[in-house]
Amino acid sequence: MSPLDYPVSTIDNPLRVRGKFFCSGDEVIFLKSVTFGPFPAGSFPDEGICQLRAIREELGANAIRVYEIPTLLFMHECARYGLRVFITLPWSQHVDFTKETGVLAGADQLLLETINRFRGHPALGGYFIGNEIETTLVRWMGKRQVLEQLERLIDLGHANDPGALFAYANYPSTEYLLPRNQDFVAFNLYLEDRESLAAYLRRLQNLSGDKPLLISEFGVDSSTHGEEKQAEMLNWHVEEACRAGAAGTTVFAWSDLWQRGGNTIEEYSFGMRRRDQSSKPSMARLKAKWSPLQRGSDELPLETTPKMSVIVCSYRGSATLVECLDSLANLDYPDLELLLVNDGSDQRVSELVASYGGIREIAIPHLGLSAARNVGAEEATGDIFVYTDDDCIVEPDWLRWIAHQFASGDSIGCAGGPNIPPVPTSAKAALIAAAPGGPTHVLLTDSKAEHLPGCNFAVRRDVFAKVGGFNPVFRTAGDDVDFCWRVLEAGYDLGFHAAAFVWHHRRFTFRTYFRQQLGYGKAEAMLMPMHRDRFKGLGGAVWKGQVYTSRSPVNSFVYHGQYGYEPFQLIYPDGNLGMSEVCLHVVWWIFILGLLVGGMFSPFCLLPAGLMIFGSLLVAQKRAWRVRIDPAHDKARARFAVAGLVLLQSFLRSGARLVLGWKEAKWSRGLEVVTTATWRKVASGWWKLGSEKTFWSDDGITRDDLLESLKIEFPRAEVDETGKTDLILSKELLWNWAVITVTEYHEENGRLTRVRLLARPEPVSRILALPLLIGTLIAVGFGWGLKSELLTLGVLGAAVFLSSKIFIRSRLPKVVRSAARVGLRPV
């Protein structure tokens with residue numbers, strides 16, 4: 001948009017992301033949004049512009065969400081009233097867009113046209129590049145394929161408007177669709193039980209990681225619950241959104257006038273205005289709740305405010321100390337004291353502290369981090385000791401979120417939250433921020449932790465005394481892990497809240513990063529004799545909970561439910577050690593080195609060595625491609641650099657742990673872990689062969705009707721309880737035959753049902769195939785009839801492929817007959 005076209009605007013600054021919140025300029029703002037339209041034709045002749053003033057003044061909203069591309073005049077009027085607009089891109093997401101390539105081309109064109117029209121507009125809040133792709137359609141296309149297209153759209157948006165915010169509007173049935181490059185995380189929620197909403201918001205906060213969480217839809221149907229109940233439920237949904245630390249919420253909807261797919265919806269009444277445009281009670285109730293809200297913490301019910309002693313320990317940390325002290329001076333909490341323990345009595349640190357009023361310095365000889373933290377606790381007068389580091393920056397309401405956790409009960413012995421790296425100012429900083437091994441939390445539940453990093457850590461005075469403080473043998477790292485484990489053993493819980501975050505600078509150079517990882521490995525070696533049950537084999541600590549990192553989980557699975565209809569399709573972490581961890585361990589590389597040396601005497605040794613190296617490189621590459629790198633530095637070479645850091649980090653950390661802790665290492669247990677991981681990999685899915693068929697109905701006939709017919713045609717069919725497919729038609733000794741379906745909903749009663757018949761090898765097939773593969777590789781390695789062995793393998797593979805295809809084709813007539821029985825015709 002040309003600067004000459006800029007409208008009169010009451011919006012001073014564009015919307016930006018700041019950690020877990022949104023901000024405008026330097027101020028954090030809580031988004032108070034309402035959905036607007038789509039309205040039946042003729043409802044508002046001026047595109048609804050006549051309603052904007054009421055949205056701002058009578059409701060108190062500061063944003064709206066639209067589902068159609070607005071006009072420039074509409075955006076100008078929103079800017080005049082101070083309403084930010086979130087535009088939902090309306091493209092055909094109800095079809096298999098991985099096959100219908102024209103659909104994606106149309107989405108690209110629409111996105112580019114919209115960006116070109118509104119780039120730089122003061123009213124632009126952000127874009128939703130998609131909205132609630134139906135769960136069985138996602139299962140059909142594949143999670144990875146859908147994510148690739150969503151991320152591609154977001155990349156396209158960022159490339160053409162770097163200053164705009166982009167996200168995907170998700171919902172619980174596909175909570176695993178989390179594009180790594182989206183700027184914030186958005187979910188449409190319609191939970192009508194307050195406790196369920198609060199619990200699920202805590203889960204979503206942790207799935208959101210370092211990004212803001214926005215409720216992109218929350219509605220209550222007044223025709224079902226009544227208008228007074230609607231007002232009450234919308235009121236407590238705002239309270240729970242704030243207490244969960246959400247960055248904002250969007251009420252569905254402004255008016256009962258509503259259409260979907262060109263059809264006017266009359267059976268539901270989600271609006272805060274009736275169809276005659278009179279206001280429901282929810283309008284005034286919501287304005288009263290929204291009006292005082294600037295940040296989510298404004299809604300925290302703090303009945304008591306125990307005195308907090310904020311303790312910062314610094315060892316020659318003057319380079320980052322100014323930012324830290326500035327943020328501490330801006331803390332918004334009624335009863336606190338600020339202490340800085342100058343470990344080593346550094347002169348420059350003393351000078352900086354002296355320039356701030358209200359911060360008490362405690363100068364000591366260099367004793368190490370744990371001892372310094374103990375000294376801070378001895379000098380503190382507060383009821384709660386709150387620790388952060390000299391390279392951290394805290395938010396003004398940080399202590400309010402800490403106090404909120406302790407207020408939940410005396411069982412909470414410690415509390416904390418995430419630590420988020422600031423926006424990197426260089427490519428090097430971006431790579432280190434994306435690299436593995438940084439301090440992170442480990443969660444047992446969505447609000448209880450197993451470990452809290454010492455850079456964002458609070459503990460009750462009496463609990464600190466009971467466990468004996470920090471162990472002074474840990475001078476640089478490991479003290480927080482040891483302390484948390486001892487607190488848990490004492491019977492207390494570790495509270496966690498995603499909004500209680502601090503900004504934490506990662507290391508500034510590769511040298512200091514590698515030194516940090518060596519230090520972590522050394523600390524783990526020191527922890528091993530103290531907490532023997534917390535370690536197994538040659539690996540790191542064994543966590544009961546889930547370690548949260550910037551990359552998506554490696555070992556996890558999604559439960560889709562029967563026929564893929566599970567309403568909450570959760571991501572379940574797999575607690576077993578995967579082959580990926582084995583392939584990065586220093587012992588793996590020692591074996592590779594041994595094989596390479598052996599290759600000097602026998603060429604056969606070079607083959608497994610090459611395969612092992614390839615496996616390690618593949619794991620590093622996959623991990624590097626899953627992490628989030630700051631968009632300004634996210635290039636292909638940056639991904640390869642992160643892959644190198646993945647390899648080096650694991651090598652250094654596991655190497656330091658092994659060198660210093662080899663006496664405590666459980667070598668036999670390590671062999672068992674590797675054997676188990678290898679077997680799990682061998683026995684996993686391998687490959688699937690399939691054939692597809694498509695059917696059409698003008699009468700609204702769907703996959704549900706077809707599946708019932710298939711159960712008649714295949715009497716031995718059984719429901720696939722995992723939800724990966726719909727029906728297992730039959731199980732043979734070597735193969736099982738399954739079917740997966742999806743229905744696309746088109747205009748009127750038009751329904752397109754897709755069927756995929758699958759042949760999947762049973763474990764017996766995999767076990768029989770493995771010796772053949774190994775034998776062929778050995779024959780190749782020794783040079784025994786290279787051509788004949790490869791030819792035999794190729795022939796056998798082709799025979800298996802063709803036989804399965806023939807078998808599938810022989811089953812297709814039964815599928816067609818089942819479809820015809822319920823009125824579906826082949827396309």
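Reader: Hello! Where is the place of Phe601?

Author: Phe601 sits in the loop between helix H19 (586–598) and helix H20 (606–626). Helices here are DSSP runs of H or I with at least four residues, strands are runs of E with at least two, and both are numbered from the N terminus. Keep in mind that this is a predicted model: local features need pLDDT of at least 70, side-chain atom pairs count only at pLDDT 80 or more, and totals for chains, interfaces and linings use all residues. Residues are numbered from 1 along each chain as its sequence is written, and side-chain values use heavy atoms, with hydrogens and water left out.

Reader: Why is Phe601 called exposed?

Author: Its relative accessibility is 72%. Exposed means over 50% relative accessible area, buried means under 20%, and partly exposed lies in between (1.4 Å probe, protein chains only). Phe601, at 72%, therefore counts as exposed.

Reader: What makes Leu593, Val597, Met600 and Phe601 a patch?

Author: They form a nonpolar patch on the surface, with about 500 Å² of accessible area together. Patches are made of residues with over 30% relative accessible area and no salt bridge; nonpolar side chains (Val, Leu, Ile, Met, Phe, Trp, Tyr) are joined within 5 Å, like charges within 9 Å. The areas come from the Shrake-Rupley method with a 1.4 Å probe, and for residues only the protein chains shown count as cover.

Reader: How much of the whole protein is buried?

Author: Of the 827 residues, 54% are buried. The protein has 25 helices and 34 strands, and its accessible surface comes to about 35200 Å², of which 57% belongs to carbon and sulfur atoms.

Reader: Why is helix H13 called largely enclosed?

Author: Helix H13 covers residues 398–406, and eight of its nine residues are buried, so the rest of the structure largely encloses it. Among the buried ones are Trp398, Trp401 and Phe406.

Reader: Is Cys392 buried or exposed?

Author: With a relative accessibility of 1%, Cys392 counts as buried. Cys50 has 45%, so Cys50 counts as partly exposed.

Reader: What makes the contact of Glu175 and Arg203 a salt bridge?

Author: A salt bridge is a side-chain nitrogen of Lys or Arg within 4 Å of a carboxyl oxygen of Asp or Glu. Between the side chains of Glu175 and Arg203 the N to O distance is 2.5 Å, and they meet in a salt bridge. This pair links distant parts of the chain: Glu175 is in the loop between strand E8 (166–170) and strand E9 (185–189), while Arg203 is in helix H6 (residues 194–208), 28 residues apart. Both Glu175 and Arg203 are buried. The structure holds 43 salt bridges.

Reader: How do you know that Lys448 forms a salt bridge with Asp493?

Author: The closest N and O atoms of Lys448 and Asp493 are 3.8 Å apart, and the pair forms a salt bridge. The two belong to distant parts of the chain, Lys448 in strand E22 (residues 448–451) and Asp493 in strand E24 (residues 493–496), 45 residues apart. Lys448 has a relative accessible area of 28%, so Lys448 is partly exposed; Asp493, with 27%, is partly exposed too.

Reader: Which helix holds both Lys711 and Glu708?

Author: Both lie in helix H23 (residues 703–713), three residues apart, about one turn of the helix.

Reader: Why is Glu299 called buried?

Author: Its relative accessibility is 14%, so Glu299 counts as buried. Glu299 lies in the loop between helix H9 (281–290) and strand E14 (308–314).

Reader: What makes a polar contact with the side chain of Glu299?

Author: The side chain of Lys289 does, at 3.3 Å. A polar contact is a pair of N or O atoms within 3.5 Å; within protein, one must be able to donate a hydrogen and the other to accept it, and residues adjacent in sequence count only if both atoms are side-chain atoms. Glu299 and Lys289 also belong to a network of salt bridges with Arg194, Glu239 and Glu240.
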